[in-house]
Amino acid sequence: MKNFIWLISGSIIAQVLNFLASPILTRIYSPEEFGEYMLFLSIAGLFTATINGRYDMMIVSAEEKDLFSLIRVSLIISIIVSILSTITFFVINFRTDMIDLPVYTFLLFFSTISFYGLINIITAYNNRIEEYKLISQFTVIRSTIQNLGSILLGIMGMGYLGLAVSYVFGQFIGVRKQSKKLRIHFKDFKKLSTGNDLQILKKYINQPLYSLPSILINNLSYTILIIVIGKLYGVLEVGLYSIALRVLGLPLSLVSGNISKLVMKSGFEEIKNNSSIKLTFNRYFRILVLLSIPLFILISESSNYVDKIFGKEWNDSGLVINSLLFMFIARFITSSLSPLYILIGRQKIDFLLQILFLIVTLILSLVSYKMSFDFLTYINYINILYGSVYVIYLIYLFYFSKLRSEHI
């Protein structure tokens, strides 16, 4: 409980800061500028999901003898992915008509990807040694820097660049202090050989084989969704959609991301004792359902006051918020529990379920284009179809939670 309080307190403060800053930011930046920022983040998110080859997920629960090899492998993969993803982004942005962001964006893109990979590793190690207070502190500090930077640069008239630069700079803050205990073990990394790395790559091969494609396909679905909205309806609609995601994403940032860390820890302990994760699944599923009710009722009610909170330009975001409630309730619950697929060695099932998101996105986007759906109709279908996939995801996880882990 103490660990949860530390994690949740940092997220609460960070999200309060985001909420307080949002009405200011929406009066400084236009929906079109937020739309450009959303395109940048969504494409970056596609690659940050793969940045460490998902090997960083195992740092929390791996045997001590594997720990430093896992960290080194995660870091090497992040460097390679940062370079390759930046080249890919450059080609997509400047050699196709899918998106059209300013030329300097690729430098920000590389910084975003590389910092994210480093922070993933450090945070996973902090989680392993239960430095929850430190994680919480820098969650607040990064949010503060990002919001203040966005406001200041926005006042200076830097447009979309102000949002992107502030985000990148905020991510970098605190890396040195947060990695202090990890850097003490520098000599342990020097002792490692290429042979150690190859052994770890092979031992945890299910991570890149199944877990990585799974999260990649999930993120690809959302990235395509953003790009389709931009191409079919315009960057203004992307901006309106981004504010809806900002509001609906509060519970995910506030609770879901932190509970997933505790779920991972609890599931690992349960597997050691019982060879299944039934108790962990049942306990946290109930907690998440109970938390989701007041959180999303509050969000639904607040959507009626979007114009007063964010400004008249953003009034239509309220309609988008209410149109996506079912999907985000299901996502809120599922995203917290999804790490359990890794613990029980069912990454292949997770991968197959994630393919459903991509299929839904591609089919719906094609149908929307052919039938000329308006923006809200498209959003309503996304709500129903994505929400249904999340429910299927939970049903499968409930079934597998009762079975013996494939890692035992």
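**Patches, a salt bridge and a helix**

Modeller: Gladly. Leu-75, Ile-76, Ile-79, Ile-80, Ile-83, Leu-84, Ile-87, Val-91, Phe-110 and Leu-118 make a nonpolar surface patch of about 830 Å². The elements giving two or more residues to this patch are α3 and α4, and α3 has the largest share, 8 residues. This is a predicted model, in which local features need pLDDT of at least 70 and side-chain atom pairs count only at pLDDT 80 or more, while totals for chains, interfaces and linings use all residues. Residues are numbered from 1 along each chain as its sequence is written, and side-chain values use heavy atoms, leaving out hydrogens and water.

Colleague: What makes Arg-176, Lys-177, Lys-180 and Arg-183 a patch of positive charge?

Modeller: Patch residues need over 30% relative accessible area (Shrake-Rupley method, 1.4 Å probe) and no salt bridge, with like charges joined within 9 Å and nonpolar side chains within 5 Å. Lys and Arg count as positive, so these four gather as a positive surface patch. Helices α7 (175-178) and α8 (180-183) each supply at least two of its residues.

Colleague: Why is the pair Glu-64 and Arg-128 called a salt bridge?

Modeller: The rule asks for a side-chain nitrogen of Lys or Arg within 4 Å of a carboxyl oxygen of Asp or Glu. For Glu-64 and Arg-128 the closest N and O atoms are 3.0 Å apart, so the pair qualifies. Glu-64 lies in the loop between α2 and α3 and Arg-128 in helix α4, so the pair ties together parts 64 residues apart in sequence. By this rule the count comes to 6 salt bridges.

Key
Charge placed at Lys NZ, Arg CZ, Asp CG, Glu CD. Helix = DSSP H or I, 4+ residues; strand = E, 2+ residues; numbered from the N terminus.
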